[in-house]
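Biologist: I'm new to this one, and I'd like to learn how to read its features. Could you show it to me first?

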Amino acid sequence: MAEADHGGEKPIAHALRDALFQFVVKSRKLAFPMLRVLGRASTGPVTVGDDELAALRSMLRRVHAALRDAERLSVADHSARLWLAELGDLEYRAEDVFEELEYECRRAAQLEDLKIDLLRAVGAAPTTGKRKREVAQLFAAAPAARLRRKIDDIWARYGEIASDRKRLRLRPGDGAARRPAAGALVPSSSLPRGEIHGRERDLQRVTDLVCRCKPDGGRNYAVVAIVGMASVGKTSLAQHVCSEEAVASQFDLNLWAWVSQEFDVIGMTAKIVEAITRARPDCSELNALHGTMVEHLAGKRCLLVLDDVWDDNPIHWDTITAPLSCCAPGSTVVITTRSKMVAKMVTPNVYHLDCLSDEHSWYMCRRRASRGGATIDDELASIGQQIAKKCRGLPLAAEAAGTTMNTSVTREHWNHVLESNLWADNDEAKNNVLPALKVSYDHLPAPLKRCFAFCSLFPKSFVFDKDALVQLWTAQGFIKTRGECRPEDVGAGYFYDLAMNVG
């Protein structure tokens with residue numbers, strides 16, 4: 001009885017095997033017309049040559065290098081910008097081809113065992129030769145014809161783009177070395193340019209911090225850092241702190257130096273010497289400059305403000321501040337910076353400057369909008385308060401909006417300002433606010449720029465989850481790993497760097 005049962009299993013197994021095989025074969029035949037339209041009907045294996053792939057990879061490296069070079073330029077010419085945009089699109093297309101090839105290789109490896117099992121099963125059936133070919137076709141990789149078409153299209157497009165710029169190198173006329181926007185980065189001085197509003201508590205706290213802060217890190221002078229996002233009012237606050245009687249009377253020398261992005265040790269030291277002597281130094285030797293600083297600062301209690309600091313190299317910082325060790329005890333250095341990394345490097349005494357409230361933003365808007373004696377009634381005030389909310393607590397933005405509102409103090413005009421894109425349609429904002437914000441983006445390292453730009457796809461005020469965002473960056477190919485570093489660890493570093501540098 002057992003033998004009979006065992007013998008009966010074979011017909012059942014053969015029937016199940018044949019039914020499964022007939023299903024997959026008929027499914028393939030039904031899908032054949034659609035696959036042919038998609039370019040998947042060819043039965044030939046992938047035979048894209050190694051030489052083709054090597055040439056494509058070499059071209060991709062050259063394109064990538066050209067785009068990275070362009071990131072260091074400020075390209076104003078529209079044709080050059082179009083060329084760079086087309087080059088970027090070509091880079092993505094070439095990367096897609098490599099990703100598809102990688103996918104097909106992994107797919108083939110994962111299906112190999114299933115293919116072997118089916119071939120073994122088919123081997124016991126009649127007309128095995130035909131069925132083996134059909135099984136092989138079912139598991140064939142993507143056809144070479146489709147991949148070759150993509151590669152040929154990429155090379156053709158590459159030739160068109162390269163003809164515009166010989167050897168994929170930017171010409172001197174394409175752009176000058178990227179510098180901060182002139183309208184946004186006006187050099188600062190210790191003199192306030194107007195009254196301060198909505199910062200009374202901040203002013204008192206920073207004043208107390210400057211007057212009472214103790215030295216740290218083995219130095220005989222204290223360091224205070226004011227940190228905040230672009231256009232939030234760090235410089236203005238520092239100016240008013242210097243003007244406070246409690247501060248001015250405490251120091252023998254009050255010095256101010258504007259740092260900004262174009263940083264070098266010699267140039268920055270020369271700026272400090274010029275602030276001390278009120279004359280531009282004749283020498284450019286660091287030792288001579290340090291000697292001049294020591295000569296004028298020795299034994300004096302000094303207040304030195306370094307405005308808009310970007311450089312986070314501790315060696316640069318130590319070199320510039322080395323002569324301050326000759327100052328009298330109680331001396332203080334105040335820095336303003338957008339970067340939390342810079343603040344963390346120089347001192348634990350950090351004051352974080354937040355945005356203004358909507359009420360204070362409206363006050364600044366109204367003050368600008370009512371210049372010339374314009375009357376603002378309750379209805380206009382209601383519209384103005386809504387405009388002020390769009391400024392998101394940035395004093396510079398509030399002033400820019402108020403200037404625009406002042407051009408026509410009417411309901412129609414103010415409603416137009418309210419409904420328009422304040423950042424794109426407002427000349428004052430475009431010329432002063434946006435360039436100041438863009439400086440933060442320009443200062444980012446190249447790998448972080450793509451990650452930051454990707455975040456713009458999300459709605460305003462979106463709260464990011466670090467791990468989810470890193471996974472998205474990784475899927476987009478933005479995470480570049482070296483050695484044994486995991487993409488997750490590199491991506492987490494990107495996330496924290498952005499959080500420290502983009503307020």
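**Reading the features one by one**

Modeller: Let's begin with F458, which is partly exposed at a relative accessible area of 23%. Buried means under 20% relative accessible area and exposed over 50%, with partly exposed in between (1.4 Å probe, protein chains only). Keep in mind that this is a predicted model: local features need pLDDT of at least 70, side-chain atom pairs count only at pLDDT 80 or more, and totals for chains, interfaces and linings use all residues. Residues are numbered from 1 along each chain as its sequence is written, and side-chain values use heavy atoms, with hydrogens and water left out.

Biologist: Is F454 buried or partly exposed?

Modeller: F454 is buried, with 12% relative accessibility. Across the protein's 503 residues, 40% are buried.

Biologist: How many aromatic pairs does the structure hold?

Modeller: A pair of aromatic rings is described by the distance of the centres and the angle of the planes. Rings of Phe, Tyr and Trp (its six-membered ring) pair if their centres lie within 6.5 Å; planes under 30 degrees apart are stacked, over 60 edge-to-face and the rest tilted. The structure has six such pairs. One of them joins F454 and F458, edge-to-face, at 6.0 Å centre to centre with 70 degrees between the planes. F462 and F464 are also edge-to-face, at 5.1 Å centre to centre and 70 degrees between the planes.

Biologist: Which residues form one aromatic cluster?

Modeller: F454, F458, F462, F464 and F478 do. F462 is partly exposed, with a relative accessible area of 39%, and F464 is partly exposed too, at 28%.

Biologist: How many disulfides does the count come to?

Modeller: A disulfide is a pair of cysteine sulfur atoms within 2.5 Å. Here the count is zero. Take C302: the nearest cysteine sulfur belongs to C327 and is 3.8 Å away, and C302 is in no disulfide. C302 is buried, at 5% relative accessible area, while C355 is partly exposed, at 36%.

Biologist: How many helices and strands does the protein have?

Modeller: It has 21 helices and seven strands. Helices (H or I, at least four residues) and strands (E, at least two) are DSSP runs, numbered from the N terminus.

Biologist: At what angle do helix α14 and helix α16 pack?

Modeller: Two packed helices are described by the angle between their axes and the distance between the axes. Axes are lines fitted to C-alpha atoms, for helices over the stretch in contact, and angles run from 0 to 180 degrees between N-to-C directions. Helix α14 (residues 378–390) and helix α16 (residues 411–419) pack at about 20 degrees, with axes 9 Å apart. That makes α14 and α16 roughly parallel (under 35 degrees; over 145 is roughly antiparallel, 65 to 115 roughly perpendicular, the rest oblique). Contact means heavy atoms within 4.5 Å, and the residues of α14 that meet α16 include L380, I383 and I387, with W414 and L418 among those on the α16 side.

Biologist: How far apart do the axes of α9 and α10 come?

Modeller: The axes of helix α9 (residues 265–277) and helix α10 (residues 286–297) come within 10 Å and cross at roughly 30 degrees, so α9 and α10 are roughly parallel to each other. Among the residues that meet are V265, I272 and I276 in α9 and L289, M293 and L297 in α10.

Biologist: Where is D202 found?

Modeller: D202 is in helix α6 (residues 200–212). D202 is buried at 13% relative accessible area, and touches L237, Y351 and L353, not counting residues up to four places away in sequence.
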